[in-house]
Amino acid sequence: MSHEFDPKFHIRTEVLELLSSRGIAEEAALLRYFTAGVQHFSDPFALTGMREAVARIHRAIQSGESIVIYGDYDADGICSVSILYLALLDKGARVNWYIPEREEGYGLHLEAIDYLIREHAPTLLITCDCGISAKDDIAVIMQKGIDVIVTDHHELPKALPVCTVVNPKQDSNPSVTALCGAGVAYKVIEALFGREYALSYLDIATIATVADSVDLLGENRDIVTEGLKMLNANPRPGIKKLLEKSGQKEVTAVQLAFTVVPRINAAGRVGEAKRALSLFFEEDESRLSEVVEELDRANTERQQLCEQMLNELSSDSRFLSILRGSVLVFYHPDWQAGVIGIVASKLTDRYKRPVFIFCDADGAIKGSGRSVEGVNLFQLLSEMQDILLQFGGHSQAAGVSLKAEHLEEFRQRACAFADRAVMPEQVQEYDAEIDENDIDLSLAESLARMEPFGVGNRRPLFLVQPKRVSVQPMKKHEEHLVVQTPAFEA
């Protein structure tokens with residue numbers, strides 16, 4: 001059967017119509033989309049604060065100053081630290097790194113800084129994937145004689161730290177405003193040592209970009225497109241072992257999200273975040289095998305904790321009444337902080353509404369939120385700062401802490417905010433309806449041109465109304481069904 005192809009892009013017209021419905025319709029936008037890669041990388045010096053950051057880091061390297069990289073305990077933070085540390089070490093810097101454990105909490109901590117002063121006596125502190133909301137702490141750090149460079153990607157607070165700040169959200173370039181923390185760290189290395197040198201760290205930036213659920217458009221799409229080539233052609237020893245452990249051969253963005261990323265995140269959620277750094281630092285084969293086994297066990301433990309939490313949630317007598325809200329807010333004092341974000345994400349996917357899950361932490365309650373298109377969590381939290389102890393994040397994911405007595409007010413105000421927003425339908429709509437006879441290899445090949453798939457560039461969902469369907473359980477997993485029509489049998 002013949003199908004219509006666009007002569008310029010050599011792709012099925014159904015795919016072009018689908019992209020048009022997603023706002024990618026002009027020829028220039030389509031060309032940018034289909035030719036994603038390093039050739040589209042933006043000038044790193046276009047980012048505010050980059051020239052000052054590069055000059056200070058070069059001076060520290062040349063003078064042999066002690067530098068400390070300070071990151072976060074999730075996959076993005078771990079990857080950010082890895083990129084900056086490995087590159088600076090390779091270029092002869094006196095550099096060390098620090099990642100707080102989840103029990104310490106997110107962001108900068110003065111107790112950790114005092115430890116770093118005793119251990120390493122740094123004169124330069126570089127944050128990655130954190131620091132933008134630490135104005136007061138950074139002022140104290142600088143009073144101790146330590147210069148600070150903040151590299152971050154989270155939403156900007158009203159008052160920025162009084163130091164060098166590299167955060168794409170200060171700028172107006174839509175191609176880079178969605179960079180993750182490791183994406184920002186990558187741009188710093190690109191500015192410091194040139195594009196060719198920085199490319200060797202693109203695989204790490206790719207893992208973080210997928211992990212942090214940022215939009216896979218613009219420069220993020222360029223990064224992941226190029227990074228996946230590296231991961232498939234010549235992965236680092238640790239990542240190679242992790243891929244082998246999870247049984248992956250060809251690596252896609254979706255596979256990264258479901259195999260590599262959860263295992264890196266698991267280290268920070270139920271173990272030690274520092275273990276995951278070994279995936280990028282360690283070269284000894286036997287040690288790497290141990291680390292991969294540890295991460296796999298941690299991921300299994302994390303999955304069990306998530307299932308336990310989901311069961312507890314659904315069996316709670318208040319569950320059905322909570323589901324009536326436009327924002328779902330759950331609390332239990334004994335839930336583990338390390339997995340509440342994952343469970344919130346699962347519930348957001350399931351119920352298509354923003355979700356916050358809280359547990360007890362340090363005399364208050366700590367929450368993790370995930371959102372849907374149309375509800376900006378950072379704005380939501382910004383509107384109720386009067387009852388919050390701390391908050392941070394971005395539009396689709398955020399962290400927050402408050403006193404327990406304010407939880408019900410938090411729920412009411414969050415629901416009121418969401419009621420004013422434009423949320424998607426509760427049931428996910430399909431992208432287009434197609435005839436079963438239009439489904440063939442040429443369509444699959446055209447759809448493959450849309451890779452990498454992820455947030456902001458989701459896999460297409462089609463409605464097909466076949467004339468004849470066979471349904472049977474999978475042989476090894478009877479809880480799943482195989483649905484087949486004659487059109488798919490060839």
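Is Ala 121 buried, partly exposed or exposed? Ala 121 is partly exposed, because its relative accessible area is 49%, and the cut-offs are under 20% for buried, over 50% for exposed and in between for partly exposed (1.4 Å probe, protein chains only). Before the views, a word on the model: it is predicted, local features need pLDDT of at least 70, side-chain atom pairs count only at pLDDT 80 or more, and totals for chains, interfaces and linings use all residues. Residues are numbered from 1 along each chain as its sequence is written, and side-chain values use heavy atoms, with hydrogens and water left out.

**View 1. The whole chain.** Buried residues account for 52% of the 490. Of the contacts between residues at least 6 apart in sequence, 66% join residues at least 24 apart, where a contact means heavy atoms within 4.5 Å.

**View 2. The largest nonpolar core.** In soluble globular proteins, nonpolar side chains tend to be buried together. A nonpolar core here is a set of buried Ala, Val, Leu, Ile, Met, Phe, Trp, Tyr and Cys residues joined through side-chain atoms within 4.5 Å. The largest one has 75 residues, and Leu 88, Ile 189, Ile 207 and Phe 280 touch the most other members. Helix α4 (residues 75-90) gives the largest share, ten residues. A second, separate core has 24 residues, including Ile 365 and Val 400. Look around Ile 189 too: leaving aside residues up to four places away in sequence, its partners include Ile 83, Leu 84 and Tyr 201.

**View 3. Asp 360 and its partners.** Asp 360 sits in strand β9 (residues 355-361) and is partly exposed, with a relative accessible area of 38%. Not counting residues up to four places away in sequence, Asp 360 touches Tyr 331, His 332, Pro 333 and Ile 365. The side chains of Asp 360 and Tyr 331 are joined by a polar contact of 2.6 Å.  Such a contact is a pair of N or O atoms within 3.5 Å; within protein, one must be able to donate a hydrogen and the other to accept it, and residues adjacent in sequence count only if both atoms are side-chain atoms.

View 4. For Cys 128, the nearest cysteine sulfur belongs to Cys 130, 6.4 Å away. Cys 128 counts as buried, because its relative accessibility is 0%.

View 5. Most residues other than glycine have a negative phi, and most peptide bonds are trans. Ala 121, in the loop between α5 (110-120) and β5 (124-128), has a positive phi of about 45°. Lys 352, in the loop between α17 (337-351) and β9, has a positive phi of about 55°. A cis peptide bond, with omega about 0°, joins Glu 451 and Pro 452, and Pro 452 lies in the loop between α20 (441-448) and β14 (462-463).

Terms used
Helices (H or I, at least four residues) and strands (E, at least two) are DSSP runs, numbered from the N terminus. A disulfide is a pair of cysteine sulfur atoms within 2.5 Å.
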